[in-house]
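Subject: Structure handover

Hello,

Here is the structure we talked about handing over. Please look through it before reading my notes below.

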Amino acid sequence: MKQRCERCNEGLPVTAEAYVCSYECTYCPRCAKALSVRCPNCGGELVRRPRRTTGLPAIAVRTPGRIVRLLRRPARRRSGQAR
């Protein structure tokens, strides 16, 4: 999540209210209102940014073991790449 408004450069901590378009352009509430809740970059609607309710450790506890194993697996080398 971006932590600055793209229009006025105001700081937006992850806990702050902010608005985003589908391309994740991020605006503070004041700028979103001034823009009539429309992204000036893509013309899409600006919606309230979802809040993160947990941190990475809490997410890791809920992640199924098969996904954790996949994430821990070393990247495969493609054939023809130098070692």
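Predicted model: local features only at pLDDT ≥ 70, side-chain atom pairs only at ≥ 80, totals over all residues.

Residues are numbered from 1 along each chain as its sequence is written, and side-chain values use heavy atoms, with hydrogens and water left out.

The sheet

There is an open sheet of 3 strands, in the order β2-β1-β3, with antiparallel pairing. The edge strands are β2 (26–27) and β3 (47–48), each pairing on one side only. Strand β1 covers residues 19–20 and is joined to β2 by 2 bridges. Y19 sits opposite Y27 of β2. On terms: strands (E, at least two residues) and helices (H or I, at least four) are DSSP runs, numbered from the N terminus. Two strands pair if DSSP finds at least two bridges between them.

The salt bridges

The structure has 3 salt bridges (a side-chain nitrogen of Lys or Arg within 4 Å of a carboxyl oxygen of Asp or Glu). I also give exposure, by relative accessible area: buried is under 20%, exposed over 50%, partly exposed in between, with a 1.4 Å probe and protein chains only.

- K2 bridges to E6, with the closest N and O atoms 2.9 Å apart. K2 is partly exposed at 38%. E6 is partly exposed too, at 37%.
- E10 and R30 meet at 3.3 Å, N to O. E10 lies in the segment before β1 and R30 in helix α1 (residues 29–34), so this pair ties together parts 20 residues apart in sequence. E10 is partly exposed at 31%, while R30 is exposed at 58%.
- R48 and E17 meet at 4.0 Å, N to O. The pair links distant parts of the chain, with R48 in strand β3 and E17 in the segment before β1, 31 residues apart. E17 is partly exposed at 33%.

T26

T26 is in strand β2. Its relative accessibility is 2%, which counts as buried. A polar atom of the T26 side chain lies 3.1 Å from the backbone oxygen of E24. Leaving aside neighbours within four places in sequence, T26 is in contact (heavy atoms within 4.5 Å) with K2, R4, C5, E6, L12, A18, Y19, V20 and R49. K2 and E6, on that list, are also partners in a salt bridge.

Best wishes

Conventions. Polar contact = N/O pair within 3.5 Å; in protein donor to acceptor, adjacent residues only side chain to side chain.
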